[in-house]
Amino acid sequence: MVIQSNMSSEAIIEVWEVTVDIFKKYNVPIMKQTLETLVRNQHLSFLLQELNYAVGSSSETCIEGG
């Protein structure tokens with residue numbers, strides 16, 4: 001599964017605890033709101049790249065539909 005902007009920081013941490021420090025680094029609150037509503041556009045792509053790298057996920061490792 002690839003971490004996406006329509007996911008909440010709370011849900012991401014429930015699945016991948018290792019992401020907590022990344023959210024702290026970017027000052028992203030742990031909430032049920034989606035990342036796209038919590039993070040400025042200019043930082044969102046960097047955050048998503050770092051989160052997916054930390055959990056070993058990318059578009060190459062995932063198949064469409066799950």
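Me: Is K32 buried or exposed in this model?
Reply: The structure is a predicted model, in which local features need pLDDT of at least 70 and side-chain atom pairs count only at pLDDT 80 or more, while totals for chains, interfaces and linings use all residues. Residues are numbered from 1 along each chain as its sequence is written, and side-chain values use heavy atoms, with hydrogens and water left out. A residue is called buried under 20% relative accessible area, exposed over 50% and partly exposed in between, with a 1.4 Å probe and protein chains only. K32 has a relative accessible area of 67%, so this residue counts as exposed.

Me: Which residue meets the side chain of K32 in a salt bridge?
Reply: Side chains of opposite charge can pair when their charged atoms come close. The rule used here asks for a side-chain nitrogen of Lys or Arg within 4 Å of a carboxyl oxygen of Asp or Glu. For K32 the N to O distance is 4.0 Å, and the partner is E10.

Me: How many residues apart are K32 and E10 in the chain?
Reply: Helices are DSSP runs of H or I with at least four residues, strands are runs of E with at least two, and both are numbered from the N terminus. K32 stands in the loop between α2 (20-25) and α3 (35-38), whereas E10 belongs to helix α1 (residues 9-15).

Me: What is the relative accessible area of E50, which forms a salt bridge with K25?
Reply: The closest N and O atoms of K25 and E50 are 3.1 Å apart. Because K25 lies in helix α2 and E50 in helix α4 (residues 41-55), the pair ties together parts that are 25 residues apart in sequence. K25 counts as exposed at 56% relative accessibility, while E50 counts as partly exposed, its value being 23%.

Me: Is T19 buried or exposed?
Reply: T19 is found in the loop between α1 and α2. Counting a contact as heavy atoms within 4.5 Å, and leaving out residues up to four places away in sequence, T19 touches I3, I12, I13, L51 and V55. Its relative accessible area is 0%, so T19 is buried.

Me: Which residue's backbone nitrogen does the side chain of S8 reach?
Reply: S8 has its place in the segment before α1 and is buried, with a relative accessible area of 11%. Beyond four places in sequence, S8 touches M31, K32, Q33 and T34. At 3.0 Å, the side chain of S8 reaches the backbone nitrogen of A11.

Me: What percentage of the residues of the protein count as buried?
Reply: The protein has four helices and zero strands, and its elements run α-α-α-α from the N terminus on. Among contacts between residues at least 6 apart in sequence, 53% join residues at least 24 apart. Of the 66 residues, the share that counts as buried is 30%.

Me: Over which residues does pLDDT stay under 50?
Reply: pLDDT is the predictor's confidence in each residue, from 0 to 100. The mean for the protein is 89, and 86% of its residues reach 70 or more. The model has four contacts beyond four places in sequence for the stretch where pLDDT stays under 50, which is residues 60-66.

Technical notes. A polar contact is a pair of N or O atoms within 3.5 Å; within protein, one must be able to donate a hydrogen and the other to accept it, and residues adjacent in sequence count only if both atoms are side-chain atoms.
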